[in-house]
Amino acid sequence: MTYTDEWNEAYKKNTHMSIWPWSDLVSCVYRYANPKNGYRNVLELGCGAGANIPLFLALNCNYYAIEGSQTITTQLVETYPKLKGKIITCDFSKTYHSEFNNYFDLIVDRASITHNNTLAIKSILEFVIMYLRPGGKFIGIDWFSTRHGDFIKGDTVDNYTKKNLPQDSQFSNIGQVHFSDKEHIIELFTDAGLIVDRLEHKERISILPDNNFHFASWDIIAHKPL
């Protein structure tokens with residue numbers, strides 16, 4: 001994947017504007033990569049509308065982000081002037097930043113990497129291990145699962161990636177969506193040289209209303225070997 005215009009258009013229309021820190025990410029940071037334990041240099045891949053920025057600023061982290069949408073990056077810098085030059089606009093699946101080599105204690109992603117195809121995700125994880133210092137951690141929240149109800153919808157890009165999902169999908173009009181099973185995640189991370197420490201699967205099924213909504217995703221904690 002390259003960064004698609006769908007997300008830029010969504011932000012222009014003020015959709016997908018999550019502004020509160022994702023609770024699962026908050027929990028994982030406190031449990032597995034607390035700044036008090038040396039995880040202060042933080043990179044977020046795909047910060048979107050900045051939902052997680054207040055968390056890391058409140059924890060006095062040295063926060064950076066790479067985001068594909070110039071529209072949302074401009075808004076974020078206006079809201080957080082201190083982050084000017086620290087929120088970089090580019091396609092993080094293609095652009096490699098050598099200045100970040102071995103720099104970050106923690107790299108986080110809340111459902112951004114999972115909007116790429118398999119080849120792009122492999123490239124991203126290769127960048128991740130280069131950006132992390134030895135012993136640094138990666139936290140991925142809500143990598144969509146093959147048990148998600150939308151996995152059977154849309155057009156096939158590769159064995160795990162769909163596009164053109166219909167209007168009744170959670171993912172309509174936002175480009176490609178990647179769905180993973182356990183074996184696929186382990187393979188992706190192992191091939192990149194990362195070690196998966198925790199892998200948690202979450203599912204939510206709508207009972208009322210009975211609309212066949214079935215959400216399923218993975219939370220991933222991994223580290224770069226010493």
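Phe127 sits in helix 5; helices here are DSSP runs of H or I with at least four residues, strands are E runs of at least two, and both are numbered from the N terminus. This is a predicted model, where local features need pLDDT of at least 70, side-chain atom pairs count only at pLDDT 80 or more, and totals for chains, interfaces and linings use all residues. Residues are numbered from 1 along each chain as its sequence is written, and side-chain values use heavy atoms, with hydrogens and water left out.

With a relative accessible area of 10%, Phe127 is buried (buried is under 20% relative accessible area, exposed is over 50%, and partly exposed is in between, with a 1.4 Å probe and protein chains only). Set aside the neighbours within four places in sequence, and Phe127 is in contact with Phe92, Ser93, Lys94, Thr95 and Tyr96, contact being heavy atoms within 4.5 Å. Asp181 is another story: Phe127 and Asp181 are 54 residues apart in sequence, and their C-alpha atoms are 22 Å apart in space.

## Helix 5 against helix 6

Two packed helices are described by the angle between their axes and the distance between the axes. For helix 5 (residues 118-131) and helix 6 (residues 182-192), the axes come within 8 Å and cross at roughly 45 degrees. That angle makes helix 5 oblique to helix 6. The axes are lines fitted to C-alpha atoms, for helices over the stretch in contact, with angles running from 0 to 180 degrees between N-to-C directions. As for the labels, under 35 degrees is roughly parallel, over 145 roughly antiparallel, 65 to 115 roughly perpendicular, and the rest oblique.

The crossing of helix 5 past helix 6 is right-handed, meaning the near helix is turned clockwise from the far one by less than a right angle, with anticlockwise giving left-handed. Which residues in helix 5 and helix 6 meet? Helix 5 brings Thr118, Ile121, Lys122, Leu125, Glu126 and Ile129, and helix 6 answers with His184, Leu188, Phe189 and Ala192. Sorted by class, the contact has six nonpolar, two polar and two charged residues. In that scheme Ala, Val, Leu, Ile, Met, Phe, Trp, Tyr, Cys and Pro are nonpolar, Asp, Glu, Lys and Arg are charged, and the others, Gly among them, are polar.

Leu132 is in strand 5 and is buried at 0% relative accessibility. Beyond four places in sequence, the residues Leu132 touches include Asn102, Tyr103, Phe104, Leu194 and Lys224. Leu132 and Gln176 are 44 residues apart along the chain, with 26 Å between their C-alpha atoms. Gly140 also belongs to strand 5 (residues 132-144), and Gly140 is buried at 0% too. Its contacts, not counting residues up to four places away in sequence, are Asp109, Trp218, Asp219 and Ile220. Cys28 is 112 residues from Gly140 in sequence, yet the C-alpha to C-alpha distance is 9.4 Å.

Val177 is in strand 8 (residues 177-178) and is buried, with a relative accessible area of 0%. Leaving out neighbours within four places, Val177 is in contact with Thr114, His115, Phe144, Tyr160, Thr161, Lys162, Leu165 and Phe171. Val177 and Gly136 are 41 residues apart along the chain, and their C-alpha atoms are separated by 27 Å.

## Cysteines

How many disulfides are there? The count is zero, taking a disulfide as a pair of cysteine sulfur atoms within 2.5 Å. Cys47 is in no disulfide, and the nearest cysteine sulfur, that of Cys90, is 11 Å away. Cys61 can't pair up because its sulfur is 15 Å from the closest cysteine sulfur, in Cys28, which is too far for a bond. Cys47 is buried at 5% relative accessibility, and Cys61 is buried at 10%.

Most residues other than glycine have a negative phi, and most peptide bonds are trans. Asn60 has a positive phi of about 60 degrees although it is not a glycine. Asn60 is in the loop between helix 3 (53-58) and strand 2 (62-67), and is exposed at 61% relative accessibility.

Asn102, likewise not a glycine, has a positive phi of about 60 degrees. Its loop runs between strand 3 (87-89) and strand 4 (104-110), and at 44% relative accessibility Asn102 is partly exposed. Then there's the peptide bond from Leu208 to Pro209, which is cis, with omega near 0 degrees. Pro209 lies in the loop between strand 9 (195-205) and strand 10 (214-223).
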